[in-house]
Amino acid sequence: MMPATQPAQPHTAATTSRGHRKIRTGIVTSTKMKKTIVVQVSRLARHQRYSRVIRRAGSFKVHDETNSAAVGDLVKIMETRPISKDKRWRLVEILQRVSTAPPLPGEEGKSVSAARLESQPRASSLQPGATQ
């Protein structure tokens, strides 16, 4: 006797699943391309011979349709179909922004940390009796 089968459900957006896609979290390192960002993803791995835990990093080109990510942002990316020769990931969401303030004039190309270092005085000039 054959088991009773359930009727097939129509394929709608709610019933269709994307299957298992890899999801990674990383930091944006470059936004110099149109609709593309480069994200560096770090992971911990055990060394084969010495069994020490070491940090490994990989860079992925990620599709950013709205060009909303900035250098230094923490983002979540998801694996997707090939979009170009190197792009196989897409931006899901920006988890943490580096700064919400617009860049200062003349410092658009610099990273936030480099601009912050240039604006701070040197520690040696703050000490009393220091010569320059």
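Predicted model: local features only at pLDDT ≥ 70, side-chain atom pairs only at ≥ 80, totals over all residues.

Two strands are said to pair if DSSP finds at least two bridges between them.

## The barrel

Five strands close into a barrel, and their order is β1-β2-β3-β5-β4. The pairing in this barrel is mixed. From one strand to the next, the twist averages 45 degrees.

## How β3 meets its partners

How many bridges join β2 to β3? There are eleven of them, and these two strands run antiparallel. Ala45 stands opposite Ile54 in β3, and Arg43 has Arg56 of β3 as its bridge partner.

On to β5: here β3 pairs in the parallel sense, over two bridges. Val62 has Trp89 in β5 as its bridge partner. Keep Trp89 in mind, as the next section returns to this residue.

## An aromatic pair

The structure holds one aromatic pair. The ring centres of Phe60 and Trp89 are 4.9 Å apart and the ring planes lie at 50 degrees, so the pair counts as tilted. Planes under 30 degrees apart would count as stacked and those over 60 as edge-to-face, which is why an angle between these cut-offs is called tilted.

Where do the two rings sit? Phe60 belongs to strand β3 and Trp89 to strand β5 (residues 89-96), so the pair ties together parts that are 29 residues apart in sequence.

Are these residues buried or partly exposed? Phe60 is partly exposed, having a relative accessible area of 24%. Trp89, with 9% relative accessibility, counts as buried. The cut-off for buried is under 20% relative accessible area.

## Loops with a positive phi

Let us turn to the backbone between strands. In the loop between β1 (23-33) and β2 (36-46) you will find Lys35. Lys35 has a positive phi of about 60 degrees, although this residue is not a glycine. Its relative accessible area is 34%, so Lys35 is partly exposed.

The hairpin of β2 and β3 has six residues between the strands. Within this hairpin, Ser51 takes a positive phi near 60 degrees.

Which residue shows a positive phi of about 55 degrees? That is Asn67, again not a glycine. Asn67 lies in the loop between β3 (53-63) and β4 (74-79), and this residue is partly exposed, with a relative accessible area of 45%.

Definitions and conventions
Residues numbered from 1 in each chain as written. Heavy atoms only, no water. Helix = DSSP H or I, 4+ residues; strand = E, 2+ residues; numbered from the N terminus. Buried < 20%, exposed > 50% of the residue type's maximum accessible area, 1.4 Å probe, protein only. Axes fitted to C-alpha atoms, helices over the stretch in contact; angles between N-to-C directions. Phe/Tyr/Trp six-rings, centres within 6.5 Å; stacked < 30°, edge-to-face > 60°.
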